[in-house]
Every structure is written in structure tokens, then in C-alpha cells.
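Please look over the model shown below.

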Amino acid sequence: MLGTDIRGIMAEEEEVQRRQEALQSLMSMREKLLRESLEARIKRARGTGDWTNLSPAECASIYKEERVHLRAQLERLKAERDRTRGKLSALKRAKVRAQRIRAAEAASGKKRK
């Protein structure tokens, strides 16, 4: 009964869906940080005790570096999200195929009796 392990497919599908939700959450956090202005970043950093002894030029430089890093992270997350979407659709197709096989086996079993 190869390819008819519906429980295993469903468990893996749930796991992939949870991963996809986690990736979406990470992406939205990164996108929020990318939308943050320099002034808001300086205010947030100084509120947490960071950047207290830095000049505005140093703050701007760090801010730019952070944005480059955030963009790179976001691109990696998007690639992973796309890969996860593909895996999820493949699992859904496998589940449908397994259900069809099971139904065909059940139908052929009834015909034999």
C-alpha cells in the first residue's frame, strides 16, 4: 500500500503548514522593521539603552547596515516560503492520490465479495 499512508501525509502537511505560518510571521516582522524610519529606529534604540553615545551619522550608518541585513533575511525567507508552498502543494496532491488509491482498493474489495 505504497503511497496510501494518509495519516503520515496529513501529519507532514500540518507540520509544513505550521512552518509556513512561522515563516509568514517572521517575514511580517522583518517587513515592519524595514518600514521603520531612521528617527523611529533611533528613538527605539535609545529607549532600550542602545545607541546612546552615538552621533546621528553613526546611527544612520548602523541603520543602513541593518536595512541591508533585513533585506537579505527577507529574501531568504521568501525563498524558503516559496519552497514550503511547493512542498505543501505536493503533499496535498499526494493526499488526494492516496485517497483515490484507497477508494479504488475499497471498491475492488467489494466487487470481489
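The side chains of Glu80 and Arg19 make a polar contact of 2.9 Å. A polar contact here is a pair of N or O atoms within 3.5 Å; within protein, one atom must be able to donate a hydrogen and the other to accept it, and residues adjacent in sequence count only if both atoms are side-chain atoms. This is a predicted model, in which local features need pLDDT of at least 70 and side-chain atom pairs count only at pLDDT 80 or more, while totals for chains, interfaces and linings use all residues. Residues are numbered from 1 along each chain as its sequence is written, and side-chain values use heavy atoms, with hydrogens and water left out.

Glu80 sits in helix α3, which covers residues 56-112. Helices are DSSP runs of H or I with at least four residues, strands are runs of E with at least two, and both are numbered from the N terminus. With a relative accessible area of 18%, Glu80 is buried. The classes are buried for under 20% relative accessible area, exposed for over 50% and partly exposed in between, using a 1.4 Å probe and protein chains only. Apart from neighbours within four places in sequence, Glu80 is in contact with Arg19 and Leu23, where contact means heavy atoms within 4.5 Å. Gln20 is 60 residues from Glu80 along the chain, yet the two C-alpha atoms are separated by 8.8 Å.

Thr84 is also part of helix α3. Which residues does Thr84 touch, not counting those up to four places away in sequence? They are Val16, Arg19, Gln20 and Leu23. Thr84 has a relative accessible area of 3% and is therefore classed as buried.

Lys95, again in helix α3, supplies another side-chain pair. Its side chain is joined to that of Glu13 by a polar contact of 3.1 Å. Leaving out residues up to four places away in sequence, Lys95 touches Ile6, Ile9, Met10 and Glu13.

Helix α1 comprises residues 6-35 and includes Ser28. Is Ser28 buried, partly exposed or exposed? At a relative accessible area of 36%, Ser28 is partly exposed. Between the C-alpha atoms of Ser28 and Leu74 the distance is 9.2 Å, with 46 residues separating the two in sequence.

Arg41 belongs to helix α2. Its relative accessibility of 10% makes Arg41 buried. Once residues up to four places away in sequence are set aside, Arg41 touches Glu36, Trp51, Tyr63 and Glu66. Asp82 is 41 residues from Arg41 along the chain, and their C-alpha atoms are separated by 30 Å.

Trp51, one of the residues touched by Arg41, lies in the loop between α2 (38-47) and α3. Its phi is near 60°, a positive value in a residue other than glycine. Trp51 is buried, at a relative accessible area of 11%. Asn53 lies in the loop between α2 and α3 as well, but is exposed, with a relative accessible area of 74%. The C-alpha atoms of Asn53 and Glu36 are 21 Å apart, for a sequence separation of 17 residues.

The view now widens to the chain. It has three helices and zero strands, in the order α-α-α from the N terminus. Along the principal axes, the C-alpha atoms fill a box of roughly 85 × 20 × 15 Å. The radius of gyration is 24 Å, whereas a compact globule of 113 residues would have one near 13 Å. That radius is taken over C-alpha atoms, and the globule rule is 2.2 Å times the number of residues to the power 0.38.

Of the 113 residues in the chain, 27% are buried. Among contacts between residues at least 6 apart in sequence, 77% join residues at least 24 apart.

The accessible surface comes to about 8,300 Å², and carbon and sulfur atoms account for 53% of that area. Such areas come from the Shrake-Rupley method with a 1.4 Å probe; for residues, only the protein chains shown count as cover. The chain has 29 positive and 17 negative charges, and their mean positions are 8 Å apart. Lys and Arg count as positive and Asp and Glu as negative, with His and the chain ends not counted. Each charge is placed at NZ of Lys, CZ of Arg, CG of Asp or CD of Glu.
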